Amino acid sequence: MVTPTQFTGIGFADFQRMAQDPELSRYERIGFPDSYREGFEPAIFEDIRTKLTNLNLSGRKVLDIGPGCSDLPVMLVELCRTHRHSLSLIDSAEMLAHLPDGDGIEKLPAFYPDCPMFIEANRGALDVILCYSVLHYIFAEAAFYRFLDVSLSLLSPGGQMLIGDIPNASKRKRFFASETGIRFHQNFMNTTDIPYVEFNQVEHDQIDDAVVMSLVQRARLSGFDAYIIPQTPSLPMANRREDILIIRP
């Protein structure tokens with residue numbers, strides 16, 4: 001069985017390799033044990049739709065950054081087809097090969113935002129940008145402020161960007177230091193042990209409150225509305241992850 005620690009410290013090249021590994025499930029290929037995603041993705045997609053309300057309109061331009069190859073991007077492809085949206089998918093060629101083709105779907109093999117032709121062609125033109133369960137890899141591997149700045153430049157007036165499923169180390173610590181978190185840990189691990197939590201310590205290559213709030217502040221100082229919003233409590237990692245919604249006024 002694949003464990004969460006096996007996905008620690010991985011990056012773009014690892015995902016290229018994992019996408020081609022026939023021994024991995026579609027969830028494991030995107031960095032999750034099956035227990036973290038299997039059966040949950042319809043609820044995750046509904047949570048995304050409640051935040052990216054432009055998806056429920058018609059004829060919009062949509063970008064998914066790092067869609068991976070699980071059921072979630074397939075749901076987005078189907079929604080875009082029924083709502084007559086154009087959809088651009090940017091990921092490795094190995095991941096994109098698992099996703100369906102169709103009219104209005106553009107697959108761009110690239111390490112976002114290193115795709116200058118796409119960027120220049122879409123400045124101020126996108127109504128929806130989705131980046132789900134990806135920011136922590138960008139944070140560790142790329143210039144994440146450039147990722148944010150470039151993405152903001154693509155939004156049309158009224159355009160929405162959801163940076164979703166952000167693992168926040170500070171939120172995780174607060175949870176596991178709480179009575180609710182201790183009970184969760186003991187039930188999940190079948191133990192009476194108290195989870196180890198250490199505050200006031202720098203967590204290298206980990207997203208924490210400072211990073212999340214800096215992204216919101218940078219977006220606001222660039223002229224966008226930005227909000228930190230919780231996930232629906234029924235989602236599998238809602239107790240230690242959160243989302244950022246950015247809207248161009």
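In what order do the seven strands of the open sheet stand? The order is E3-E2-E1-E4-E5-E7-E6, and the pairing is mixed. This is a predicted model, in which local features need pLDDT of at least 70, side-chain atom pairs count only at pLDDT 80 or more, and totals for chains, interfaces and linings use all residues. Residues are numbered from 1 along each chain as its sequence is written, and side-chain values use heavy atoms, with hydrogens and water left out.

**The sheet**

Strands (E, at least two residues) and helices (H or I, at least four) are DSSP runs, numbered from the N terminus. Two strands pair if DSSP finds at least two bridges between them. Strands of a sheet pair through backbone hydrogen bonds, either parallel or antiparallel.

Strand E3 (105–109) and strand E6 (225–229) stand at the edges. Each has a single partner strand, so one side of each is left without a neighbour in the sheet. On average, neighbouring strands of this sheet are turned by 15° against each other, direction ignored. Strand E1 (residues 61–65) pairs with strand E4 (residues 126–132) in the parallel sense, over three bridges. Val62 has Val128 in E4 as its bridge partner.

Helix H4 (residues 71–82) lies across E1, strand E2 (86–91), E3 and E4. H4 runs at about 160° to E2. Axes here are lines fitted to C-alpha atoms, for helices over the stretch in contact, and angles run from 0 to 180 degrees between N-to-C directions.

| Helix pair | Angle | Axis distance |
|---|---|---|
| H3 (residues 41–51) and H4 | roughly 50° | within 9 Å |
| H8 (residues 144–154) and H11 | about 35° | 11 Å |

H3 and H4 are therefore oblique to each other. Angles under 35 degrees count as roughly parallel, over 145 as roughly antiparallel, 65 to 115 as roughly perpendicular and the rest as oblique. The crossing of H3 and H4 is right-handed. A crossing is right-handed if the near helix is turned clockwise from the far one by less than a right angle, and left-handed if anticlockwise.

Contact means heavy atoms within 4.5 Å. From H3, Glu41, Pro42, Ile44, Phe45, Ile48 and Arg49 meet Asp71, Leu72, Met75, Leu76 and Leu79 of H4. This contact has eight nonpolar residues, no polar ones and three charged ones. Ala, Val, Leu, Ile, Met, Phe, Trp, Tyr, Cys and Pro count as nonpolar, Asp, Glu, Lys and Arg as charged, and the others, Gly among them, as polar.

H8 also passes H11 in a right-handed crossing. Here Phe144, Tyr145, Leu148, Asp149 and Leu152 of H8 meet Val211, Ser214, Leu215, Arg218 and Ala219 of H11. By class, seven are nonpolar, one is polar and two are charged.

Asp209 touches Asn168, Ser170, Lys171 and Arg174, not counting residues up to four places away in sequence.

**Rings and backbone**

The whole structure holds nine aromatic pairs. Rings of Phe, Tyr and Trp (its six-membered ring) pair if their centres lie within 6.5 Å; planes under 30 degrees apart count as stacked, over 60 as edge-to-face and the rest as tilted. Phe12 and Phe111 form an edge-to-face pair, 5.0 Å centre to centre with 75° between the planes. Phe12 lies in helix H1 (residues 12–19) and Phe111 in the loop between E3 and helix H6 (116–121), so the pair ties together parts that are 99 residues apart in sequence.

Pro113 lies in the loop between E3 and H6. The peptide bond from Tyr112 to Pro113 is cis, with omega near 5°.
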